[in-house]
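Take a look at this structure and its ligand site. Then read on.

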Amino acid sequence: MIVINFKAYRESFGRSALELAKLAEEVAEKSGIHIAVAVNYLDLPTIAREVRIDVFSQHVDAVEFGSFTGVVNAEMIKEYGAKGSILNHSERRMKLADIDFCITKMKALGLVSIVCTNNISTTRAVAALEPDFVAVEPPELIGSGMAVSKVRPEIVEKSVRAAKEICRKIKVLCGAGITGYEDYVKALELGADGVLLASGIVKAKDRKKALEELVGLR
Ligand code: G3P
């Protein structure tokens, strides 16, 4: 699985976000690889309506419906067509109890949870909460163009082992600095079930080419 996190880049907001999601759909269909996109809340309803690939939100707040201001809960993203959400991204850290609340709520709603971690110990801690996916991303490599699977392979390998020891059915992604096919394949060789990436695609001059390169179509 490949998850493209659109983050809050200007290049992946509004009309550009929809264009990129459509490119991801095209490349997913051509390659047969499961590609999903994680988009901002404003773009989510439109993108979820317009593409056949899975659309995730980038965060969910640990609240029910009620007297809360400026929040988006799991029910809301489901209503607008999300397949699930990223939780606890390095750029949007959450408390452990809130991660647990969201995973439980999302399971009940049939939503897929992808919980980010920054190292092997946090991977182990999050695996105990049994999300669908844990995604290990060393923060110092995010946006660096240096792929975690190449420059810190031990983190990926040990995180996969740690997570699967705790929960056999959990899937493990890795991310940070992933750009091309070699980075992706190396992640799979290390035992990961896929990758989570952003700048390598979102900020590429030719996004279609970057996507095709990522999945080995070029
Ligand atoms: O969520 C993915 C992300 O944090 C990795 O970012 O730009 O290094 O691919 P990037």
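The text below covers the ligand site and then the cysteines.

This is a predicted model, in which local features need pLDDT of at least 70, side-chain atom pairs count only at pLDDT 80 or more, and totals for chains, interfaces and linings use all residues. Residues are numbered from 1 along each chain as its sequence is written, and side-chain values use heavy atoms, with hydrogens and water left out.

Now the polar contacts (pairs of N or O atoms within 3.5 Å). Ser 199 places a polar side-chain atom 2.5 Å from a ligand oxygen. Ala 198 uses a backbone N or O atom, 2.8 Å from an oxygen atom of the ligand. Asn 5 has a polar side-chain atom 3.0 Å from a ligand oxygen. The ligand taken alone exposes 310 Å², and the protein buries 100% of that (Shrake-Rupley method, 1.4 Å probe).

Turn to the cysteines. The whole structure has 0 disulfides (pairs of cysteine sulfur atoms within 2.5 Å). For Cys 167, the nearest cysteine sulfur is that of Cys 116, 17 Å away. Cys 167 is buried, at 5% relative accessible area (buried means under 20%, with a 1.4 Å probe and protein chains only). Cys 174 is in no disulfide either; the sulfur of Cys 116 is its nearest, 11 Å away. Cys 174 is also buried, at 0%.

Technical notes:
A polar contact is a pair of N or O atoms within 3.5 Å; within protein, one must be able to donate a hydrogen and the other to accept it, and residues adjacent in sequence count only if both atoms are side-chain atoms. Buried means under 20% relative accessible area, exposed over 50%, partly exposed in between (1.4 Å probe, protein chains only).
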